[in-house]
Amino acid sequence: MSAAVKLEDVRVPLGEDFPEIRASVRRICANFPGAYWRDLEAREAYPAEFVKALTDAGYLAALIPEEYGGAGLPLRAAAVILEEIHASGCNAGACHAQMYIMGTLLRHGNADQKTRYLPQIARGELRLQAFGVTEPTTGTDTTKLKTRAVRESDHYVIHGQKVWTSRALHSDLMLLLARTTPLDQVKKKTEGLSVFLLDIGACRGKGMEIRPLKAMVNHNATEVFFDGARVPAENLIGEEGKGFRYILDGINAERILVSSEAIGDARWFTKTAVAYAKQRIVFERPIGQNQGIQFPIARAHAETEAADLLLRKAAALFEAGLPCGDDTNMAKMLAADASWHAGEACMQTHGGFGYAREYDVERKWRETRLFQIAPISTNLVLAYIGEHILGMPRSY
Ligand SMILES: Cc1cc2nc3c(=O)[nH]c(=O)nc-3n(C[C@H](O)[C@H](O)[C@H](O)COP(=O)(O)OP(=O)(O)OC[C@H]3O[C@@H](n4cnc5c(N)ncnc54)[C@H](O)[C@@H]3O)c2cc1C
């Protein structure tokens with residue numbers, strides 16, 4: 001669809017759209033049962049086999065245009081892939097970033113950068129899965145980030161630190177946001193930030209160090225330390241100083257994709273809770289007969305359906321080239337809440353067995369909690385709704 005589409009002409013698909021993709025993703029996921037994920041977590045290992053299976057099936061190149069060797073699918077198709085992965089009990093956190101990080105390169109990279117990297121990413125020869133934005137001292141206040149990139153002839157020299165950089169030890173490339181003009185020398189705080197495509201292999205040990213960060217979920221999180229790493233100037237994406245806008249351009253796609261994972265988790269929790277509630281007999285009747293067990297599951301199901309609908313609307317607006325920030329943010333919050341409530345209901349339904357690792361409920365419960373924090377926290381979405389949508393005074 002083109003940007004000329006009118007709001008009233010936007011169509012939102014209902015039901016099981018992209019049925020072939022859904023069926024195929026479910027088949028792949030069936031080869032990666034709970035035991036696979038539990039074993040990985042015990043070893044804090046990367047799901048290399050799972051990522052390879054998705055890559056071989058072409059799913060991680062879903063959004064790369066066909067001219068660069070990808071599938072050229074719409075954003076909604078990628079959302080469906082991620083939803084099905086999570087609804088199957090798997091986790092796409094090891095590789096989902098490849099889908100949305102690549103958009104920055106696609107939209108703002110030059111022809112040379114795209115032909116150099118996109119076909120290799122599409123073939124699975126290069127992983128672009130690390131996204132270096134968050135810093136330890138500035139957190140959500142992104143424009144205050146302190147990592148500096150200083151131009152020295154044909155290179156940029158990087159100093160600073162990133163935190164929570166997922167997958168940096170399992171990725172070939174990192175999209176890095178760094179300040180190229182000091183904050184006190186720009187008119188607006190959003191100016192003077194730049195985006196680089198950093199070759200991790202070339203920089204590691206040469207002014208860049210990556211350390212694993214132990215976390216509540218197996219997300220392959222790291223801290224990245226820069227002390228003079230050199231990035232060729234040709235790896236600057238777009239114009240120097242405009243990087244914050246480029247990152248913002250990709251944020252709606254990222255939030256739509258991650259929210260689809262939350263919807264998938266919610267579906268897994270509901271299905272798992274219902275099955276257990278029907279078969280677990282206590283006081284000589286199935287526990288699901290008690291409304292104290294049944295109602296939280298029913299409520300979470302209704303919340304999931306509502307969040308899914310708003311998310312589908314956000315994806316349709318995105319695809320039509322229409323403003324989608326409001327719906328995307330609201331859908332992100334509602335999807336995160338739906339999955340958390342479904343997770344809580346599923347935990348409670350399982351009683352003590354919710355704590356038993358072999359049921360996978362506690363793993364999924366820990367995993368889905370992340371959506372309240374990342375890639376944007378619920379408070380920040382509420383601030384967006386209050387201030388941008390409803391026009392109340394700004395808090396920051
Ligand atoms: C497992 C994991 C993986 C991650 N992966 C990546 C990654 O790959 N790349 C990357 O760049 N980042 C990543 N992140 C970072 C993530 O995006 C941040 O943790 C998140 O944006 C919040 O930032 P913070 O942790 O610094 O929280 P802070 O900014 O310190 O905020 C702490 C709390 O205060 C609240 N708060 C802050 N300001 C306000 C305000 N004005 N009004 C109301 N409430 C406020 C927040 O909502 C939050 O609840 C990851 C995080 C985790 C946990």
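**Strand 5**

I began with strand 5, residues 193-199, in this predicted model. For my own bookkeeping, strands are DSSP runs of E with at least two residues, helices are runs of H or I with at least four, and both are numbered from the N terminus.

Ground rules: this is a predicted model, where local features need pLDDT of at least 70, side-chain atom pairs count only at pLDDT 80 or more, and totals for chains, interfaces and linings use all residues. Residues are numbered from 1 along each chain as its sequence is written, and side-chain values use heavy atoms, with hydrogens and water left out.

**Its partners**

Which strands pair with strand 5? I found strand 4 (residues 173-179), antiparallel over seven bridges, and strand 8 (residues 236-237), also antiparallel, joined by two bridges. Pairing here takes at least two DSSP bridges between the strands. I looked up two positions: L193 stands opposite R179, and V195 has I237 as its bridge partner in strand 8.

**G201**

Next I checked G201, in helix 7 (residues 200-203). Is G201 buried or exposed? G201 counts as exposed, because its relative accessibility is 57% and the cut-off is over 50%.

**Largest pocket**

A pocket, on a 1 Å grid over the protein atoms alone, is an open set of points where a 1.4 Å probe fits, with protein on both sides within 12 Å along at least five of seven lines; lining residues have an atom within 4 Å of a point. The largest has a volume of about 1800 Å³, the volume being the space filled by probe spheres set on the points. Of its 50 lining residues, T140, T142, R255, P375 and I376 are closest to the centre. Helix 8 (243-279) gives the most, 10 residues. I sorted the lining into 24 nonpolar, 15 polar and 11 charged; Asp, Glu, Lys and Arg are charged, Ala, Val, Leu, Ile, Met, Phe, Trp, Tyr, Cys and Pro nonpolar, and the others, Gly among them, polar.

**Second largest pocket**

I put this one at about 310 Å³. Its lining has 16 residues, with E83, R267, E305, D308 and R312 nearest the centre. Helix 9 (291-319) leads with six residues. By class I noted four nonpolar, four polar and eight charged.

Notes
Buried < 20%, exposed > 50% of the residue type's maximum accessible area, 1.4 Å probe, protein only.
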